[in-house]
Amino acid sequence: MSVVITVAPTGPIATKSDNPHLPTQPEEIADAVAAAYSAGASVAHIHLRDADGRPTADPDIARRTMDLIAQRCPILVQLSTGVGLTVPFEERAALVELQPRMATLNPCSMSFGAGEFRNPPDAVRRLASRMRELGVKPELEVYDTGHLDACLRLRDEGLLDDEPMQFSLVLGVAGGMAATPENLLTMVRRLPEGAVWQVIAIGRANLRLTAMGLALGGNARAGLEDTLYLRRGELSPGNLPLVERTVRLARELDLSVAGVEETARLLGLPERCAHRSLG
């Protein structure tokens with residue numbers, strides 16, 4: 001059995017004051033992704049930052065980041081349309097026009113820490129439809145049980161393909177599911193048949209629930225977006241140690257780590273070129 005390892009190098013929340021090794025600029029992100037690819041990651045989940053380190057959906061920054069990654073390695077790029085809580089939905093959704101192989105699709109609005117993560121239902125439907133037109137594979141980010149039901153409604157409306165549906169089960173965000181084994185088991189049991197999935201456990205539960213997810217047949221994600229620490233009290237000196245730890249964990253469970261071509265097959269990615277220019 002092969003598992004897909006995704007690197008999530010940046011995220012929308014942490015800053016260099018939280019961990020000085022956090023990559024925020026296109027060159028830094030591309031370097032971190034290339035190192036993760038060499039260690040076994042086959043997907044890069046990309047958040048973008050502006051020159052001041054703030055979350056952005058600027059298409060020029062997105063294009064440059066994708067180009068730099070492509071110059072360094074053939075990893076599959078997944079753009080986040082979550083971007084950041086302060087970025088309007090319309091700007092976030094426009095990132096799919098760059099036609100990455102994958103992008104996230106967040107089905108519901110929710111409280112997110114001290115902020116609000118807005119994903120209006122009609123706008124989500126339009127984004128799902130546009131992703132299908134462009135051949136951009138949606139990764140469905142599920143933060144609570146009702147989010148899964150919303151995804152299944154999108155499928156039943158014909159806005160999502162069923163071959164296979166791809167989920168991220170996000171646990172540990174204040175406003176969503178707590179990062180507990182019981183919640184993970186509940187969500188895995190409710191997934192539709194044939195779905196592919198990974199667990200994203202935020203903070204202290206990251207390693208334990210990543211291991212549990214692999215043991216249950218899921219894929220895995222690693223990186224500074226999800227945890228800034230390698231172990232209690234020790235900041236991770238970059239994304240690479242977190243990816244290497246996850247790869248070791250998979251192999252200790254007698255799982256093979258999927259390369260890029262195998263990952264594309266496992267995730268059911270459309271056969272086409274990578275991104276195109278907006279210019």
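A residue is called buried here when its relative accessible area is under 20%. Keep in mind that this is a predicted model.

My first stop is valine 43. It sits in strand β3, which covers residues 43-46. Is valine 43 buried or exposed? Its relative accessibility is 1%, and the cut-off is 20%, so valine 43 counts as buried.

What does valine 43 touch? Leaving out residues up to four places away in sequence, its contacts are Val4, Ile5, Thr6, Val7, Ile75, Leu76, Gln78, Met102, Thr263 and Leu267. Take Val7 from that list. Valine 7 and valine 43 are 36 residues apart along the chain, yet their C-alpha atoms are separated by 6.3 Å.

The second stop is the aromatic rings. The count of aromatic pairs comes to three. In one of them, phenylalanine 112 and phenylalanine 117 have ring centres 5.9 Å apart and planes at 80°, so this pair is edge-to-face. Planes over 60 degrees apart get that label. Both phenylalanine 112 and phenylalanine 117 are buried.

Another pair joins phenylalanine 117 to tyrosine 143. Here the ring centres are 6.4 Å apart and the planes are again at 80°, so this pair is edge-to-face too. It links distant parts of the chain: phenylalanine 117 belongs to strand β7, residues 115-117, while tyrosine 143 lies in the loop between β8 and α5, 26 residues away. As for accessibility, phenylalanine 117 has a relative accessible area of 4% and is buried. Tyrosine 143, at 8%, is buried as well. Phe112, Phe117 and Tyr143 together form one aromatic cluster.

Which residues of α5 are buried? They are His147, Leu148, Ala150, Cys151, Leu152 and Leu154. When you look at those numbers, remember that an α-helix has 3.6 residues a turn, so residues three or four places apart point the same way.

Now for what covers them. The cover on the buried residues of α5 includes the strands β5 (102-105), β6 (110-112), β8 (137-142) and β9 (166-171), along with the helices α4 (121-134) and α6 (181-190). Just after α5 comes glycine 158, with a positive phi of about 85°.

That is the last stop.

Note on methods
Residues are numbered from 1 along each chain as its sequence is written. This is a predicted model: local features need pLDDT of at least 70, side-chain atom pairs count only at pLDDT 80 or more; totals for chains, interfaces and linings use all residues. Side-chain values use heavy atoms; hydrogens and water are left out. Buried means under 20% relative accessible area, exposed over 50%, partly exposed in between (1.4 Å probe, protein chains only). Helices (H or I, at least four residues) and strands (E, at least two) are DSSP runs, numbered from the N terminus. Contact means heavy atoms within 4.5 Å. Rings of Phe, Tyr and Trp (its six-membered ring) pair if their centres lie within 6.5 Å; planes under 30 degrees apart count as stacked, over 60 as edge-to-face and the rest as tilted.
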